[in-house]
Amino acid sequence: MPALGFGTWPLSGADGTRAVREAIELGYRHIDTAQLYGNEADVGKGIAQSGVARGELWITTKLSRDHLGAKEVARSTDESLKKLGLDHLDLLLIHWPSRTVPVAETLSAMTKLRDAGKTRFIGVSNFTTKLLDEATKHADIICDQVEYHPFLSQRAVLSAVKTHGLFLTAYSPVARGQVPNDKRLQAIGKKYGKSAAQVALRWLIEQDNVAAIPKAGSRAHMQANFEIFDFALAPEDRAAIDGLGSSSGRIVDIAGWSPDWDRPN
Ligand SMILES: NC(=O)c1ccc[n+]([C@@H]2O[C@H](COP(=O)([O-])OP(=O)(O)OC[C@H]3O[C@@H](n4cnc5c(N)ncnc54)[C@H](OP(=O)(O)O)[C@@H]3O)[C@@H](O)[C@H]2O)c1
């Protein structure tokens with residue numbers, strides 16, 4: 001999985017297609033979408049317009065909460081592939097844990113799709129350490145996509161993904177605009193001639209098995225977020241950023257959907 005991906009929520013329509021095409025032109029090779037975003041067809045057009053060979057791209061989509069029963073997993077994945085204009089995905093995720101469908105049922109249906117060549121890998125999103133312990137009993141998953149940025153500690157999930165040999169994909173990696181405005185991260189960035197957003201993205205991808213998927217509608221942000229491969233953070237700066245996270249930094253918390261999140265230890 002390329003360590004830096006392009007997040008596509010809430011992009012859609014012609015603007016979504018333009019953004020995906022531009023991101024791929026700028027060098028992104030990992031695109032993140034979901035059934036819930038309602039933009040798979042627009043994302044698919046952007047992928048096609050980019051002209052980049054399918055084999056060079058990593059495409060992730062996610063099953064909606066109402067598509068987690070065995071039949072719906074198969075039907076909705078076919079629909080996602082059709083909308084995206086692809087014959088296979090790289091990664092298919094459970095978007096949010098279900099409170100009604102057993103995870104074993106969903107993962108077994110996803111494993112069948114993987115064995116049939118419709119997706120190369122399967123994984124989960126918004127899973128806590130407890131849910132990961134359960135999921136890994138039922139299938140060979142490769143990742144947990146969770147909110148992660150300098151203001152939200154994910155120490156518990158990081159430790160669990162390490163134990164299970166998984167990737168952690170960081171969503172909302174620039175904390176939806178809070179990172180770029182943070183004076184402490186701006187000050188660290190000054191040392192490297194980088195912005196606060198670039199520092200946060202670099203801090204994420206320097207961590208073992210962590211990928212980040214910032215969303216940017218503007219070409220300037222897309223480009224800036226990609227310019228993080230020409231510097232490395234000094235240990236004292238990494239430690240300073242490590243110290244900014246807490247459990248109160250969570251942005252994405254949806255009543256009725258969110259699991260009982262891990263508390264940082
Ligand atoms: N699995 C899940 O449940 C889940 C939940 C949320 C998100 N996601 C995925 O993660 C992706 C990213 O998360 P997100 O969209 O919530 O948050 P994000 O990427 O942290 O923040 C996006 C916002 O930050 C701005 N931004 C990006 N780069 C910037 C820069 N260099 N300087 C200043 N501002 C910058 C963007 O502005 P412009 O758009 O104006 O450029 C946009 O308003 C989503 O698109 C989606 O694919 C997954």
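Which residue stands opposite Leu93 in strand 5? In this predicted model, the position facing Leu93 is taken by Gly123. The two strands concerned, strand 4 (residues 89–94) and strand 5, pair in the parallel sense, and 5 bridges link them. Strand 5 spans residues 119–125 and is mostly covered, with 5 of its 7 residues buried.

The packing of two helices was examined next. Two packed helices are described by the angle between their axes and the distance between the axes. For helix 3 (residues 70–84) and helix 4 (residues 103–115), the axes come within 8 Å and cross at roughly 40°. Helix 3 and helix 4 are therefore oblique to each other, since angles under 35 degrees count as roughly parallel and those of 65 to 115 as roughly perpendicular. The crossing of these two helices is right-handed. On the side of helix 3, the contact is made by Ala70, Val73, Ala74 and Thr77, and on the side of helix 4 by Glu105, Thr106, Ala109, Met110 and Leu113. By residue class, the contact of helix 3 with helix 4 comprises 6 nonpolar, 2 polar and 1 charged.

How values were computed:
Residues numbered from 1 in each chain as written. Predicted model: local features only at pLDDT ≥ 70, side-chain atom pairs only at ≥ 80, totals over all residues. Axes fitted to C-alpha atoms, helices over the stretch in contact; angles between N-to-C directions. Helix = DSSP H or I, 4+ residues; strand = E, 2+ residues; numbered from the N terminus. Parallel < 35°, antiparallel > 145°, perpendicular 65-115°, else oblique. Left-handed = near helix turned anticlockwise from the far one by under 90°. Contact = placed C-beta atoms within 7 Å. Nonpolar A, V, L, I, M, F, W, Y, C, P; charged D, E, K, R; others polar. Buried ≥ 20, exposed ≤ 12 C-beta atoms within 10 Å, placed from the backbone. Pairing = 2+ DSSP bridges.
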